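Hello,

Here is the structure you were going to look at.

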Amino acid sequence: MSRRPLIAANWKMHGTVASVQAYLEALVERVAGSGPEVVVCPPFTLLPAAVLIATGSEVAIGAQNCHWEDAGAFTGEVAPAMLAELGVRWVIAGHSERRQYFGESDATAGARARAAQRAGLDVIFCVGETLEQREAGETLAVLERQSTAIDGLDPAHLALAYEPIWAIGTGKTATATQAQEAHAALRRRAGEMLGESASAGLRILYGGSVKPDNAAQLLGERDVDGALVGGASLDAEGFWAIIHAAPGERRGAEE
Ligand code: PEP
């Protein structure tokens, strides 16, 4: 089983209709079907414009969050079916900024991810430890606990993202060795949760201050199958350089 690299942009709360148009028009010209899979996740308000430009191209559009119910009295929330109706293909669940600022838990992140898959969306499910947890030697235990939330998800429509919180938006990046250790542990854990064959094909992305100048080293690790890129994805040239740094298709662990 092979794993096609996946490079995803998380714009967070940035961007305008004009900027998403210019960015995607440049990106869709460059992204070809044979390279890494490319996903751009702008804020909700930019999704219709983004989908319009990306339709028919090799760039897929994702949202940064969704609710776990199909509809209801949930002011300010967006249902997965609403995203699917727009033509959105992916959604991020469990991002650490959602966990840190908006009370996201393993349980709610898992519920969002399951609802997204029910609506036909693919999910990038984020996990990662704080600096205190890393320094206390708890990293692998934290990842094991957080990834319990992927129980019941369809592995064919799932990517995991290892995002150490201390590396997000800080300019500090995990070393390639730290990333590989965490990714290998996540793949073992995914094997327990989803089955060995699914785990061998599961893409595990690294996120946390990925930049054009560190992408190749991180993406060169055996179990690093792509990147979730925040700050550096806002610049179209920088994001393209990261896409370009991804290696060709790699083989799954069992081959
Ligand atoms: C992220 O938001 O998922 C992220 C990894 O951010 P940054 O690349 O800015 O650290």
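The shell around the ligand is made of 4 nonpolar, 8 polar and 2 charged residues. Please keep in mind that this is a predicted model. In total, 14 residues surround the ligand, and the closest are Lys12, Glu163, Gly169, Ser209 and Gly231.

From an N or O atom in the side chain of lysine 12 to an oxygen atom of the ligand is 2.8 Å. For the side chain of glutamate 163, the distance from an N or O atom to a ligand oxygen is 2.7 Å. At glycine 169 the backbone takes part: one of its polar atoms lies 2.7 Å from an oxygen atom of the ligand. How much of the ligand's own accessible area does the protein cover? The ligand on its own has 290 Å² of accessible area, and the protein covers 98% of this.

Most residues other than glycine have a negative phi. Lysine 12, not a glycine, has a positive phi of about 50 degrees. Its place is in the loop that runs between strand 2 (6–10) and helix 1 (17–30). Serine 209 also has a positive phi, near 55 degrees, and is likewise a residue other than glycine. Serine 209 sits in the loop between strand 8 (203–207) and helix 10 (215–219). Is serine 209 buried or exposed? Its relative accessible area is 9%, so serine 209 is buried, the cut-off for buried being under 20%.

The largest nonpolar core has 66 residues, and the members that touch the most others are Leu24, Leu27, Val40, Phe125 and Phe239. Apart from it lies another core, this one of 13 residues, including Ala8, Trp90, Leu205 and Leu228. Which residues does phenylalanine 239 touch, once its neighbours within four places in sequence are left aside? Its contacts are Ile7, Ala8, Ala9, Tyr23, Leu27, Val38, Val39, Val40, Val229, Ala232 and Ser233.

Asparagine 65 is in the loop between strand 4 (59–63) and helix 3 (80–86). Asparagine 65 counts as buried because its relative accessibility is 7%. Beyond its neighbours within four places in sequence, asparagine 65 is in contact with Phe44, Glu77, Leu83, Val91, Ile92, Arg98, Glu104 and Arg112.

Serine 199 belongs to helix 9, residues 196–201. With a relative accessibility of 3%, serine 199 is also counted as buried. Leaving out neighbours within four places in sequence, serine 199 is in contact with Arg187, Ala190 and Gly191.

Alanine 176 is part of helix 8, which covers residues 176–194. The relative accessibility of alanine 176 is 10%, so this residue is buried. Apart from neighbours within four places in sequence, alanine 176 is in contact with Gln217, Leu218 and Glu221. Between alanine 176 and asparagine 214 there are 9.1 Å from C-alpha to C-alpha, and the two are 38 residues apart in sequence.

Two other residues are partly exposed.

Arginine 145 is in helix 7, residues 139–146. Why is arginine 145 called partly exposed? Its relative accessible area is 42%, and partly exposed means between the 20% limit for buried and the 50% limit for exposed. Neighbours within four places in sequence aside, arginine 145 is in contact with Asp106 and Gln133. With aspartate 106 there is a polar contact, side chain to side chain, at 2.6 Å. Glycine 103 is 42 residues from arginine 145 in sequence, and their C-alpha atoms are 17 Å apart.

Aspartate 154 lies in the loop between helix 7 and strand 7 (158–162). Aspartate 154 is partly exposed, at a relative accessible area of 33%. The side chain of aspartate 154 reaches the backbone nitrogen of alanine 156 at 2.9 Å. Aspartate 122 is 32 residues away along the chain, and the C-alpha atoms of aspartate 154 and aspartate 122 are separated by 9.1 Å.

Regards

Key:
Residues are numbered from 1 along each chain as its sequence is written. This is a predicted model: local features need pLDDT of at least 70, side-chain atom pairs count only at pLDDT 80 or more; totals for chains, interfaces and linings use all residues. Side-chain values use heavy atoms; hydrogens and water are left out. A nonpolar core is a set of buried Ala, Val, Leu, Ile, Met, Phe, Trp, Tyr and Cys residues joined through side-chain atoms within 4.5 Å. Buried means under 20% relative accessible area, exposed over 50%, partly exposed in between (1.4 Å probe, protein chains only). Contact means heavy atoms within 4.5 Å. A residue is near a molecule or strand if one of its heavy atoms lies within 4 Å of it. A polar contact is a pair of N or O atoms within 3.5 Å; within protein, one must be able to donate a hydrogen and the other to accept it, and residues adjacent in sequence count only if both atoms are side-chain atoms. Accessible areas come from the Shrake-Rupley method with a 1.4 Å probe; for residues, only the protein chains shown count as cover. Ala, Val, Leu, Ile, Met, Phe, Trp, Tyr, Cys and Pro count as nonpolar, Asp, Glu, Lys and Arg as charged, and the others, Gly among them, as polar. Helices (H or I, at least four residues) and strands (E, at least two) are DSSP runs, numbered from the N terminus.
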